[in-house]
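Here are my notes on this one, jotted down as numbered points. Have the viewer open while you go through them.

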Amino acid sequence: VEIKVVENVLKLNDEVALLNRVALRQADVKCVNLMGGPGCGKTALLERTLEALRDDMRIGVLTGDLTTTRDAERLAHHCEHVSQINTGKSCHLDANQVRQGMGTLPMDDLDLLIVENVGNLICPASFDLGTHVNVLVASVPEGDDKPYKYPRMYRGVDVLVLNKVDLLPHVPFDVERFRRGVEALNEGVRTFELSCRTGEGLDPWLDWIRAQARAGTARA
Ligand SMILES: Nc1nc2c(ncn2[C@@H]2O[C@H](COP(=O)(O)OP(=O)(O)O)[C@@H](O)[C@H]2O)c(=O)[nH]1
Ligand SMILES: [Mg+2]
């Protein structure tokens, strides 16, 4: 008997991701994919970022969540180009959802697009969205063992944010152990240690975001 094998179930997703990349290049919009576990502070980081940069550049945001519009409502205070993507039961965004989301935004008017993925440390790592830069937001109360437990996510990202450093005096989190785990998986990964609560460490992150927008898609 000849067994039929479906080799790449993600093929369709990858094709749409490619279309997204083409659309982003046409609009000359760099696109950042923000990932992290539930509650790590993805929306908080976006609030801080949009608040600080709203007069400097035009940032569009797509925010993914199962069923609510809570994150988009929070972000709409700081940004006029926000759309919510409800994934229903799905634990990650896919390229087609991002494509539909992009259709709701004035892409030609944007300098940067940031996608807040669904809170999850496993599934989003497997789905190319057509975005250019993958950012992982980790946070102190999650524990210093997360690089060891979710190596695939830590290995695949271009930039790492360690959020909630204001909690370091209150939570048993060994920064050196965390850094060692990260370094073993993703040597030299650009890392920002910051607090969205106090604002500590935010400036280098904001400079990095500015540089992303300036670079456009030419070097993406
Ligand atoms: N202490 C502290 N709390 C934070 C910080 N950033 C976010 N939070 C809190 O963490 C919770 C989850 O934040 P949210 O932005 O909704 O996380 P998301 O699920 O990743 O989008 C909220 O109660 C935030 O106020 C931080 O830097 N320090
Ligand atoms: Mg959120």
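How many bridges join strand β2 to β4, and do they run parallel or antiparallel? Five bridges join β2 (residues 59-65) to β4, and the two run parallel.

1. Ground rules. This is a predicted model, in which local features need pLDDT of at least 70 and side-chain atom pairs count only at pLDDT 80 or more, while totals for chains, interfaces and linings use all residues. Residues are numbered from 1 along each chain as its sequence is written, chains are lettered from A and ligands numbered from 1 in the order in which they are written, and side-chain values use heavy atoms, with hydrogens and water left out.

2. Strand pairing. Strands (E, at least two residues) and helices (H or I, at least four) are DSSP runs, numbered from the N terminus, and two strands pair if DSSP finds at least two bridges between them.

3. Burial of β4. Five of the five residues of β4 (residues 112-116) are buried, so the strand is largely enclosed by the rest of the structure. Buried means under 20% relative accessible area, exposed over 50%, and partly exposed in between (1.4 Å probe, protein chains only). Leu112, Ile114 and Glu116 point one way, Leu113 and Val115 the other.

4. Threonine 43 lies in helix α2 (residues 42-53) and aspartate 71 in α3 (residues 70-76), so the pair ties together parts that are 28 residues apart in sequence. Threonine 43 is buried at 5% relative accessibility, and aspartate 71 is buried too, at 13%.

5. Helix α7. Val175, Phe178, Gly181 and Val182 are buried in α7 (residues 175-185). Seen down the axis, the buried residues fall within an arc of 130 degrees, so they line one face of the helix; the arc is taken from the directions from the helix axis to the C-beta atoms. Arg180 and Ala184 are exposed on the face turned away from that buried side.
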